[in-house]
Amino acid sequence: MEHAPMASFEGSAEGAQWPWWRTTRQDVMVLPWIILIHLTAAAGIILFPLPGWRIFLGALALSWIGGIGTTVCYHRGLAHRALRLHPVCCAILIFFAMFNGSGSPISWVASHRVHHANADTPDDVSSPVWRGFWWAHLRWLWQSEPPSVKRVCPDLDRYSYRIWRFLQPPILVLSYFGGLYFGAAAFFWLGAIRLCFSLHAQCFVNSVCHGDPKVPIGADSSRNVGWLGFMHLFQGENWHRNHHARPAQARLGQGWRQPDAGYIVIRVLEKVGMASQVRRPGGSVAAL
Ligand SMILES: [Zn+2]
Ligand SMILES: [Zn+2]
C-alpha cells in the first residue's frame, strides 16, 4: 500500500524540547526498560565476556528470528502490505518481533506509516535531519506522541492485533529472564545483551539510514548503508533508500551485491504456502 501524505501531525515531536529523561504519558515504561537492559548488558559483558559458542549462537538466532519478525511481518507485511502472511505464521513472527523488543505490531506500524508519509519533513518524528542523531536513534521512542491508530492504521485496529499490546509485558519478562533457565551467562546473553544489540540494530535504520547530506533539507534523505547489513544479519533493512523509492515492494536489496535474507525468507514462506500476494519489482504479484 502506498500511503498518501497525511495532514500535519502537529505536536508529535514536541518532546524534542524536553530534557532527555522526560517521557510521554503513553511511553512511560520505555526509558526505564532501555536503561534496565543496558545496565544488565554492561554487567553481563563484564562478568561473562565469553559465554561459549552455544549461548552466543543462541543469542544470535533469537536476534535473527526477531529481526525477521520485524522486517518480514511488521514492515513488509503489515505496514506496507507487500505480502500477505498466513495468520499462524503472522502470529509466530509477531511473537518473536516482540520478544526482540520491537513493541506491539500496531504501535510499530503506526509510527512507521507516519514516517513514510512525512519522511524528513519536520513532521517525521524519527528523522535525524531536524532533531539530531540521538533523537532519531532513541529519544523519539519515549518522547514523541504516538500517532492515532484509527487514523493511521485502521486496518490493524482489531482484536487479533490489539491483543498483542496486552501480551507485551509477559513477553518482555520472558525475553529478559528466560535465559536464566540455562544459567547465569545465558541470562545476560540471551536476554539483555541480545536485546541491546537488536535495539540498536533497528534504531540505526532511523538514525543512520536517513540524513544523506546531498539531499536538500526537508526532502527524503533516506540512504542505503552497506555496513549496517552486518549488524542486521543481512536481512535487508539497511537498503533503506531502495525501500523509500519503492515502499510497496517486498524486496529491499537489488541483486546479489545487496543481500536481503528477509526476501529469501518470504520466498520460502511463499513456497510452503505461508505467504501470498508478494509484491515484486515490475508490479506483478506472480513474477520474480
Ligand atoms: Zn525511512
Ligand atoms: Zn517502510
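## Helix 2 against helix 3

Helix 2 (residues 53-79) packs on helix 3 (residues 87-99) at an angle of about 120 degrees, and their axes lie 7 Å apart. Axes here are lines fitted to C-alpha atoms, for helices over the stretch in contact, with angles running from 0 to 180 degrees between N-to-C directions. That angle makes helix 2 oblique to helix 3 (under 35 degrees is roughly parallel, over 145 roughly antiparallel, 65 to 115 roughly perpendicular, and the rest oblique). The crossing of helix 2 past helix 3 is left-handed, meaning that the near helix is turned anticlockwise from the far one by less than a right angle.

On the helix 2 side, the residues involved are Ile65, Gly66, Ile68, Gly69, Thr70, Val72, Cys73, Tyr74 and Gly77; they meet Cys90, Leu93, Ile94, Phe96, Ala97 and Phe99 of helix 3. Contact means C-beta atoms, placed from the backbone, within 7 Å.

## About the model

This is a predicted model, where local features need pLDDT of at least 70 and side-chain atom pairs pLDDT 80 or more, while totals for chains, interfaces and linings use all residues. Residues count from 1 along each chain as its sequence is written, with chains lettered from A and ligands numbered from 1 in the order written.

## The whole chain

The chain has 12 helices and two strands, in the order α-α-β-α-α-α-α-α-α-α-α-α-α-β from the N terminus. Those are DSSP runs numbered from the N terminus: H or I of at least four residues for helices, E of at least two for strands. Its radius of gyration is 18 Å, close to the 19 Å that the globule rule gives for 288 residues, so the chain is as compact as a globular protein of that length. The radius is taken over C-alpha atoms, and the rule is 2.2 Å times the number of residues to the power 0.38.

Buried residues make up 47% of the 288 (buried is 20 or more other C-beta atoms within 10 Å of a residue's own, exposed 12 or fewer, partly exposed in between, with C-beta atoms placed from the backbone).

## Helix 8 against helix 9

Helix 8 (residues 159-177) meets helix 9 (residues 184-207) at about 110 degrees, with axes 6 Å apart. That makes helix 8 roughly perpendicular to helix 9. Ser175, Tyr176 and Phe177 of helix 8 touch Gly191, Ala192 and Leu195 of helix 9.

Notes
Two residues are in contact if their C-beta atoms, placed from the backbone, lie within 7 Å.
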